[in-house]
Amino acid sequence: MGRLATGGTAAFLAIGGFLFGYDSGIISSTIVQPYFVEYMGKPTSSETGGIVSSFTGGAILGALSVAWLPDIYGRRIAVFIGAVISTIGCTLQGSEIATSEDRGKLSGLLQWMLSWGFFVAQWLGYGCFKVNGDFQWRFPLSFQVVPGLIIGAGIWFLQESPRWLIEKDRHEEAQAVLGKLHGNGSNQQFLELEYREIRDTIVAEKTLAEPTWRSLLKKPSWRKRLALGCGVQAFGQLSGINVINYYGNVIYEILGIDTSTSLMIVGISGALSIIYCTVGLYALDRFGRVKPLIISAAGCGLSLLVNSVLSQYYVAKDTPSSNGNALRAMVAMNFVFSLFFTFTGIISWVYPAEIFPIEIRAKGNSLSTLTNWCLNLIFAQCAPIALKKMGFKFFYFFFAFNVVATLCYSFLYPETKGKTLEQMDELFGDQLVPHALEDPEGAAAAMEEKFQNVSHIDNV
């Protein structure tokens, strides 16, 4: 029953991913809809970048707000506000309610639902292309309100994060939530040890650590976590994914493909992304985080390299070749890129949400997400200009960063598979107390010796 409740909660929170994916996808089809162009006038490359980047600019403000909203008001309130404005709080909540065995796939549901959102956006855009009139672009843009309303109404029926409750000294509520989320009727000892591990770590961190912005950069282990969290989010953008997502139809126009066909191609790619993500979620907790990231970055880089090389021979001065096989190969490489990006897309949200300790988890996730959106804003604004001036040669830039990402994942990123959120301190060398799930007696002795005031909190 507990796993069902946890899975249901994570699935509901992943609606935020659907909204994110829909927002990202609908703008790419909208900017090429004939009635949108007629109503707005044919936008220049820089104006097109401004239209698309306005979405990411707003998301930057949302990312900044997550630095303090979840800590003060709780994860549910943050998600509710995010349902009105954006979707940032969902991954944070999802990671904190899941067990270590399920955390990867449950947190990764955000990317899976993002793929569904992108899929719906592209096919809705394709269907509306057949409609004459302003409905062609007004309705797809208006539909964005639906998932936001669902999240805003349903979030009140979910459980609050047990870690946040313990941090706020609401221990009885936290134990009750853990029982609902992880209990199965016969694992009371596990629930008690899990509660103790979370409580002990939070008490130690609150006593010995100072969760300020300055300490986030001053403490070496926290600084390393921040660099890794921001890095994986940055490499997600530097892979080139959102240039392809936002401007896929513009790219296909360079290849001489008409609007209707390009909308269909992007829609098919979106459908395949759902299949890729489904397989990726299944594999995530089997193969870990780091190995899939390495394969993902290497595959993305190579597929972009192939397209860039092909463009030198078959797309000259924005004039596509009559060689249909070559052009089909370039379209196919975008599908291959989407396949390899799957793990980066999933793990770029999972990894930052699990490596930060509770005291700085909101701040760390905020800065990691901020990194994503700042780069997103830059590429959204600059990509149409670069595509117009450079064509597919623009993707040599992303190929280079995918190479850098492959090397960084190989040598700098520790594997987090199978670790509870509290056990992450073992990876970063800042463990304060033994973990109750691994060493119950050692944890109890350490807490009694170092933090004598813990006995009044709970005597499990």
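Reader: How many cavities of 30 Å³ or more does the count come to?

Author: A cavity is a set of points on a 1 Å grid over the protein atoms alone where a 1.4 Å probe fits but cannot get out. Here the count comes to 4 cavities of 30 Å³ or more. The model is predicted: local features need pLDDT of at least 70 and side-chain atom pairs 80 or more, while totals for chains, interfaces and linings use all residues. Numbering starts from 1 along each chain as its sequence is written, and side-chain values use heavy atoms, without hydrogens and water.

Reader: What volume has the largest cavity, and which residues are closest to its centre?

Author: The largest cavity has a volume of about 450 Å³ (the space filled by probe spheres set on the points). Its lining (residues with an atom within 4 Å of a point) has 31 residues. Gln 111, Leu 114, Ile 241, Asn 245 and Phe 341 are the closest to the centre.

Reader: Which helix gives the largest share of that lining?

Author: Helix α20 (a DSSP run of H or I, at least four residues) gives 9 residues, the largest share. By class, the lining has 12 nonpolar, 19 polar and no charged residues.

Reader: Where do salt bridges form?

Author: Side chains of opposite charge can pair when their charged atoms come close. The cut-off is a Lys or Arg side-chain nitrogen within 4 Å of an Asp or Glu carboxyl oxygen. The structure holds 5 salt bridges. One joins Arg 199 and Asp 200 at 2.8 Å. Another joins Glu 173 and Arg 170 at 2.9 Å.

Reader: Is Arg 199 buried or exposed?

Author: Buried means under 20% relative accessible area, exposed over 50%, partly exposed in between (1.4 Å probe, protein chains only). Arg 199 is buried because its relative accessibility is 5%. Asp 200 is buried too, at 1%. Glu 173, at 39%, is partly exposed, and Arg 170, at 33%, is also partly exposed.

How values were computed
1 Å grid on protein atoms, 1.4 Å probe; cavity = no way out; pocket = protein on both sides within 12 Å on 5 of 7 lines; lining within 4 Å. Helix = DSSP H or I, 4+ residues; strand = E, 2+ residues; numbered from the N terminus. Nonpolar A, V, L, I, M, F, W, Y, C, P; charged D, E, K, R; others polar.
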